[in-house]
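Dear colleague,

Please find below the structure that I am handing over to you. My notes on what was found in it follow.

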Amino acid sequence: MQIPLKQLKALLKTLEEGGASEFEYQDEKYRLRLALSRFPAALAQGPLPSSSAEPVPVVSSASGQADSSYITSPFVGTFYRAAAPEAANFVEVGSQFQPGQTLCIVEAMKLMNEIESEIGGTILEILVENGQSVEFGQKLFKLKKS
């Protein structure tokens, strides 16, 4: 089944404008199911279900430690420290990282969203266990800005 991109975009726009969150079509040969999320847009890259999220905002600490900040989850999903179970973790406690560097993955709606930092710094604490569900705005990492 091939759907021209223009028609697919028109269908998605119609669903969004109508307030629908899901659409399903099935005939003798094909089944198509679309589900819209209310999360920031994330586009699939290549054949694997993965996306690259915008850099995650850094939340400054309210405890008076000006150099201590947090990386928070941009949406609800499952937190992963590595790209695959057998792969090395993106960062560890004590790791130094640069702006734009991937710190973790949050899987949402079967899309693997790479979470990148807006700033550089050092990881002071990892606040979430691998494979744990996270909420929007939940603190993932405590860091020291460089």
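Contact means that heavy atoms lie within 4.5 Å. With that in mind, residues 24 or more positions apart account for 55% of the contacts in the protein that have a separation of 6 or more.

Before going further, please note that this is a predicted model, in which local features need pLDDT of at least 70 and side-chain atom pairs count only at pLDDT 80 or more, while totals for chains, interfaces and linings use all residues. Residues are numbered from 1 along each chain as its sequence is written, and side-chain values use heavy atoms, with hydrogens and water left out.

Overall architecture

The protein has one helix and twelve strands. Helices (H or I, at least four residues) and strands (E, at least two) are DSSP runs, numbered from the N terminus. Along the sequence, the pattern is α-β-β-β-β-β-β-β-β-β-β-β-β. Of the 146 residues in the protein, 29% are buried. Here buried stands for under 20% relative accessible area, exposed for over 50%, and partly exposed for what lies in between (1.4 Å probe, protein chains only).

How many salt bridges does a search of the whole structure find? The search finds one, where a salt bridge is a side-chain nitrogen of Lys or Arg within 4 Å of a carboxyl oxygen of Asp or Glu. The partners are Glu92 and Arg81, whose closest N and O atoms are 2.8 Å apart. Both Glu92 and Arg81 lie in the loop between β6 (77-80) and β7 (96-97), so the pair ties together parts that are eleven residues apart in sequence. Glu92 is partly exposed, at a relative accessible area of 38%, whereas Arg81 counts as buried at 17%.

Ser95 is also placed in the loop between β6 and β7, and counts as buried at 19% relative accessibility. A polar atom of the Ser95 side chain lies 2.8 Å from the backbone nitrogen of Glu92. This is a polar contact, that is, a pair of N or O atoms within 3.5 Å; within protein, one must be able to donate a hydrogen and the other to accept it, and residues adjacent in sequence count only if both atoms are side-chain atoms. Leaving aside neighbours within four places in sequence, Ser95 is in contact with Gly121, Thr122 and Ile123. Ser95 and Gly121 are 26 residues apart along the chain, and their C-alpha atoms are separated by 8.4 Å.

The end of the chain

Ser146 is in the segment after β12 (139-145), and counts as exposed at 80% relative accessibility. The side chain of Ser146 reaches the backbone nitrogen of Gly121 at 3.4 Å. The C-alpha atoms of Ser146 and Thr122, 24 residues apart along the chain, are separated by 7.1 Å.

A buried serine

Is Ser73 buried or exposed? Ser73 is buried, with a relative accessible area of 1%. Ser73 is found in the loop between β5 (68-72) and β6. Not counting residues up to four places away in sequence, Ser73 touches Val106, Val134, Glu135, Phe136, Gly137, Gln138 and Leu140.

The loop between β8 and β9

Met109 is found in the loop between β8 (102-108) and β9 (111-116), and Lys110 is found in the loop between β8 and β9 too. Each is a residue other than glycine with a positive phi, near 55° for Met109 and near 65° for Lys110. Met109 is partly exposed at 49% relative accessible area, while Lys110 is exposed at 66%.

The second largest pocket

A pocket is an open set of points on a 1 Å grid over the protein atoms alone, where a 1.4 Å probe fits, with protein on both sides within 12 Å along at least five of seven lines; lining residues have an atom within 4 Å of a point. About 150 Å³ of space lies in the second largest pocket, the volume being the space filled by probe spheres set on the points, which are joined across faces, edges and corners. Among the residues that line this pocket are Tyr80, Pro85, Asn89, Ile105, Met112 and Asn130. The lining divides into eight nonpolar residues, two polar and no charged. Ala, Val, Leu, Ile, Met, Phe, Trp, Tyr, Cys and Pro count as nonpolar, Asp, Glu, Lys and Arg as charged, and the others, Gly among them, as polar.

Yours sincerely
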